[in-house]
Amino acid sequence: MDILVIGNGFDLAHDLPTKYTDFLEFARIMKDILSGTQIGRVNWRNVNPEIKRLISDNVQNTSGNIYSDAQEWLDLIKDNLWIEYFQQIQAKENWIDFESEISAVIQSLDNDMINKDGKRVLLKEDIGLLSNLYLQGVYSSYISLVTSLNTSASHPSISYEKVRDRLLDDLHKLIRALELYLILFVEKIPINIYSPEIANREFHRIINFNYSHSYTNNNSYRM
């Protein structure tokens, strides 16, 4: 039995925009267009040419994937804490490790729940100073309000639990947006490159560590 194991660079070797930075550029453009920016005024910047073509085609065709699902797209990407956080990092760096960054943010929130006595506060308690700079910025107005008031004064409540739940909800939205990006856009890109080492060879099983079905979408590869 011949088994082919495809590493996670297979998509990139076939010029498919499957890096996280590719997705973040896509999300930026989608948000701009669905928020009212005209297609002629969009700053495409580093958007993959094929993704640009697919987005432009959908804008022209109002029954396409963008406008027919406009509300879903906006719900997934607009004001998404994770997407905005990663886009801030992207502005400084060319490579982002989503998993490590997510872990660091969650760990910072967990550490913030330990008080001066070394005891963990309850999830339902109001947040104090958040150590993660990005979360500080998001909740800065609330933190400033709370610290300026007496403990007995009434103020809107934002607990550690609410911060955690929003991070989790936005993470689910990020995963769904990435899934739609791959299915509705990346997998519609024609593949004209092939690997001569495996072209026109038949395999009984494929183990794929990539995000797309690039192997089965290329007529040069067979099972």
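Where in the chain is isoleucine 3 placed? Isoleucine 3 sits in strand β1, residues 3-6.

## What you're looking at

This is a predicted model: local features need pLDDT of at least 70, side-chain atom pairs count only at pLDDT 80 or more, and totals for chains, interfaces and linings use all residues. Residues are numbered from 1 along each chain as its sequence is written, and side-chain values use heavy atoms, with hydrogens and water left out.

The chain has 9 helices and 2 strands, and from the N terminus its elements go β-α-α-α-α-α-α-α-α-α-β. Helices (H or I, at least four residues) and strands (E, at least two) are DSSP runs, numbered from the N terminus. Of the 223 residues, 41% are buried; buried is under 20% relative accessible area, exposed is over 50%, and partly exposed is in between (1.4 Å probe, protein chains only).

## Helix α9

Helix α9 covers residues 160-184, and its 25 residues should span 36 Å at 1.5 Å a residue, which agrees with end C-alpha atoms 36 Å apart. That expected span is 1.5 Å times one less than the number of residues. Among its buried residues are Tyr160, Val163, Leu167 and Asp170.

Asp170 is buried at a relative accessible area of 5%, while its salt-bridge partner arginine 166 is partly exposed at 30%. The closest N and O atoms of this pair are 3.5 Å apart, and the two residues lie 4 residues apart in α9, about one turn of the helix.

Glutamate 72 is in helix α4 (residues 70-77) and arginine 176 in helix α9, so the pair ties together parts 104 residues apart in sequence.

Arginine 120 and aspartate 110 also meet in a salt bridge, at 2.8 Å, N to O. Here arginine 120 is in the loop between α6 (98-112) and α7 (133-138), and aspartate 110 is in helix α6.

## Aromatic rings

There are 12 aromatic pairs in the structure. Rings of Phe, Tyr and Trp (its six-membered ring) pair if their centres lie within 6.5 Å; planes under 30 degrees apart are stacked, over 60 edge-to-face, and the rest tilted. Tyrosine 85 and phenylalanine 86 make a tilted pair, 5.7 Å centre to centre with 45 degrees between the planes, and both are buried.

How values were computed:
Salt bridge = Lys/Arg side-chain N within 4 Å of Asp/Glu carboxyl O.
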